[in-house]
Amino acid sequence: MWKKPEAETPQPESHSAPAPASAPQPRSVPTPVESRREVAIIGATISIHGELNGQEDLLIQGSVEGKVDLKQNNITVGKSGRVKADMYGRVISIEGEVEGNLYGGEQIIVRQSGAVRGNIVAPRVSLEDGSKLKGSIDMEPKGVEKARSQGALAPEVKGRADSSVRPGAEADASARSAAATAKPESSTARV
Amino acid sequence: MDWPSARSAKPAPPRAASAERHAERHRSLALKALLQELPEDRSSKVLDLGSASGRNLEFLSQFACKIQIEDLYASLPTADGEAPVGPPPFGRLLGFSEAARFDVILLWDLLDYLDHDSIRALVAHLARFCRPGSLLLAFSSNQKEIPEQPIRFRFVDSETLEYDVASSRLRPGPRYVPRDIAHMFAGFRVQNSYLLKNGIQEYVFARE
């Protein structure tokens with residue numbers, strides 16, 4: 001599950017890339033300690049239906065259906081991850097399968113093993129050779145902000161995609177296995 | 001991946017070609033002509049009916065910040081089971097919203113993998129999502145045999161494409177002639193057409 005935790009992580013703290021015009025909250029300059037971000041993990045046998053939100057990076061190896069809202073954090077859908085949900089994150093990386101629209105504040109990466117069926121909205125989008133995508137890509141700088149304010153994609157962009165993305169969250173060896181918080185009123189988790 | 005009913009009648013069984021895989025380059029005059037028409041403000045909306053490619057995305061992002069990728073051939077009904085009758089259901093396969101409008105459509109060499117009726121149906125469907133002046137890039141081979149599946153072209157620069165010649169199996173080519181193709185593209189006019197030495201006829205169509 002954790003074959004290449006750090007080598008492929010897309011610089012979660014880097015601010016060199018063109019930030020979205022609506023850059024959410026400014027972050028303090030990261031110290032070496034702070035840069036070791038903790039990652040919540042949804043294990044391969046975990047299935048979640050509902051809405052996920054929180055303040056930690058997230059690695060999904062299991063199944064998620066509903067909505068994933070971690071706008072300030074990085075989300076990775078691992079190779080065994082299966083997501084049927086709209087996902088909001090800072091850097092979203094997909095190695096597994098996603099059916100839903102992806103909104104990345106900084107970047108979205110669809111890895112070679114990834115398959116996305118849905119629309120992608122992010123200032124920077126990267127598709128690795130071999131990845132699968134069926135849907136639209138919107139790299140308009142204010143695209144994510146616009147999508148948020150409209151609560152949906154632009155009319156010409158009908159959401160569907162199937163590809164995988166892997167976020168650049170660093171895998172902490174002691175990462176907890178379900179730190180993402182699920183909204184109690186709207187989600188149920190079952191193992 | 002096969003679409004028997006959509007293809008030219010009675011394709012001969014595919015035969016194996018050489019087993020090695022290598023990349024070849026294709027100098028495309030039509031691509032050059034098309035790109036020269038695009039504004040530099042990244043305002044164009046592109047519909048790519050080929051498969052997803054990181055290099056193509058990177059290249060196209062110079063001209064467009066909205067790109068729709070469809071991989072149409074992979075979406076066509078397969079030959080498994082009962083063969084479908086008539087053209088593929090493009091309205092379902094390419095289910096754009098009514099408000100969608102594209103400035104550029106990359107059809108690549110898909111024409112050679114569809115029969116007349118299917119091409120007409122596809123063109124009619126695409127025409128609904130074009131503005132007057134929208135451009136469509138298409139290739140067609142006049143060779144007797146073509147690769148079993150559409151070629152995955154990758155951009156190298158504004159007039160060069162690259163593609164892998166896999167250990168491909170070959171199939172008979174439909175060998176559409178320019179006059180037939182022009183008739184099948186109702187609502188479009190041929191803006192540029194080039195016959196290359198390798199037998200590829202390139203087209204840039206413009207929506208009327």
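How many of the five residues of strand β3 (residues 44–48) of chain B are buried? Five of the five are, so β3(B) is largely enclosed by the rest of the structure. Buried here means that 20 or more other C-beta atoms lie within 10 Å of a residue's own, against 12 or fewer for exposed and anything in between for partly exposed, with C-beta atoms placed from the backbone. Strands (E, at least two residues) and helices (H or I, at least four) are DSSP runs, numbered from the N terminus.

This is a predicted model, in which local features need pLDDT of at least 70, side-chain atom pairs count only at pLDDT 80 or more, and totals for chains, interfaces and linings use all residues. Residues are numbered from 1 along each chain as its sequence is written, while chains are lettered from A and ligands numbered from 1 in the order in which they are written.

Back to β3(B), which is covered on both faces: B:Ser44, B:Val46 and B:Asp48 are buried on one side, and B:Lys45 and B:Leu47 on the other. In a regular strand, side chains alternate between the two faces of the sheet. Two strands count as paired if DSSP finds at least two bridges between them. β3(B) runs parallel to β4(B), with five bridges joining the two, and B:Leu47 has B:Gln68 as its bridge partner in β4(B). Together with helix α2 (residues 54–60) of chain B, β3(B) and β4(B) make a right-handed β-α-β unit; right-handed means that, with the strands pointing away from the viewer, the path from the first strand over the helix to the second runs clockwise.

Another right-handed β-α-β unit is made by β5(B), helix α5 (residues 116–127) of chain B and β6(B). β6 (residues 130–141) of chain B has nine of its twelve residues buried, so it too is largely enclosed by the rest of the structure. β6(B) pairs with β12 (residues 200–207) of chain B in the antiparallel sense over seven bridges, and B:Leu137 is the bridge partner of B:Val204.

Chain B also holds an open, antiparallel sheet of three strands in the order β2-β9-β8. β2 (22–27) and β8 (154–157) stand at its edges with a single partner strand each, so one side of each is left without a neighbour in the sheet.

The two chains meet through 18 residues from chain A and 19 residues from chain B, a contact being two C-beta atoms, placed from the backbone, within 7 Å. On the chain A side, the largest share, seven residues, comes from β11(A). β11(A) pairs with β4 (residues 64–69) of chain B in the antiparallel sense over four bridges, and A:Asp138 stands opposite B:Lys66.

As for confidence, chain A has a mean pLDDT of 72, with 54% of its residues at 70 or more; pLDDT is the predictor's confidence in each residue, from 0 to 100. Over residues 1–34 of chain A pLDDT stays under 50, and the value also stays under 50 over residues 154–191 of chain A.
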